[in-house]
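Here is a short briefing on one protein model. Read it with the sequence and the 3D view open.

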Amino acid sequence: DPLDGPAPFEITYRPNNSTNGFLVTIDSPDYVKFKGFLIEARGKWDGKSIGTWQTRIPNTKTIDCFDLPSTGVTHNWHDDDLTKHHFESITFHWLPPVSRKLNRVKFIATIVQSYKKIYMNVSTEMMLKNYRRTNLF
């Protein structure tokens, strides 16, 4: 069952000017390790996933949310042994959708500290002023 109350995790972001995208990080200010996660970007709280994710981090993979390619990132191990497998802080590359005007983006995650400690709707909102990504190719 998901836990009530504040999660010991946060999502932060910063521009990646070389790619016209953003670096998005999941971590814990209290250094709490976590077992798994699923993160997406949404233009609206109840909307579909937007943009595309890239990851080269071992034991992670992109997934298709709402049948849209690479619109989420998740872990890809399946045991509960935090001594063998865990994350402490991870950063992914997110590219906004091409030629779509965005004013705000919500990064939203479900984070699994252990199979008994699951935090849903861990989120942060990024305000953009008429941001529009264009392909340079």
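Thr71 is in contact (heavy atoms within 4.5 Å) with Ile39, Glu40, Ala41, Ser49, Gly51, Trp53, Ile63, Asp64 and Cys65, leaving aside neighbours within four places in sequence. This is a predicted model, in which local features need pLDDT of at least 70 and side-chain atom pairs count only at pLDDT 80 or more, while totals for chains, interfaces and linings use all residues. Residues are numbered from 1 along each chain as its sequence is written, and side-chain values use heavy atoms, with hydrogens and water left out.

**Thr71**
- Thr71 sits in strand S6, residues 68-75. Strands here are DSSP runs of E with at least two residues, and helices are runs of H or I with at least four, numbered from the N terminus.
- Thr71 counts as buried because its relative accessibility is 3%. Buried means under 20% relative accessible area, exposed means over 50%, and partly exposed lies in between (1.4 Å probe, protein chains only).
- The Thr71 side chain reaches the backbone nitrogen of Cys65 at 2.9 Å. This is a polar contact: a pair of N or O atoms within 3.5 Å, where within protein one must be able to donate a hydrogen and the other to accept it, and residues adjacent in sequence count only if both atoms are side-chain atoms.

**Chain overview**
- The protein chain has nine strands and zero helices.
- Of its 137 residues, 43% count as buried.
- Among contacts with a separation of 6 or more, 60% come from residues 24 or more positions apart.
- The chain exposes about 8,200 Å², and carbon and sulfur atoms supply 49% of that. Accessible areas come from the Shrake-Rupley method with a 1.4 Å probe, and for residues only the protein chains shown count as cover.

**The four-stranded sheet**
- Four strands form an open sheet in the order S1-S2-S7-S4, with antiparallel pairing. S1 (10-16) and S4 (52-54) stand at the edges with a single partner strand each, so one side of each has no neighbour in the sheet.
- Neighbouring strands of this sheet are turned by 30° against each other on average, direction ignored. Axes are lines fitted to C-alpha atoms, for helices over the stretch in contact, and angles run from 0 to 180 degrees between N-to-C directions.
- S4 pairs with S7 (residues 89-95) in the antiparallel sense over three bridges. Two strands pair if DSSP finds at least two bridges between them.
- Gln54 stands opposite His93 in S7.
- His93 is buried, at 10% relative accessibility. The residues it touches include Asn16, Phe22, Trp53 and Gln54, not counting those up to four places away in sequence.

**Buried charged side chains**
- The structure holds one salt bridge, formed by the side chains of Glu40 and Arg42 (3.2 Å, N to O). A salt bridge is a side-chain nitrogen of Lys or Arg within 4 Å of a carboxyl oxygen of Asp or Glu.
- Glu40 and Arg42 are buried.
- Lys35 is found in the loop between S2 (21-27) and S3 (36-42). Lys35 is buried too, with a relative accessible area of 2%.
- Lys35 and His85 are 50 residues apart in sequence, and their C-alpha atoms are 6.8 Å apart.

**The S5 to S6 loop**
- Phe66 lies in the loop between S5 (60-65) and S6. Its relative accessible area is 41%, so Phe66 is partly exposed.
- Asp67 lies in the loop between S5 and S6. Asp67 is exposed, at 78% relative accessibility.
- Phi is positive at Phe66, near 55°, and at Asp67, about 60°. Most residues other than glycine have a negative phi.
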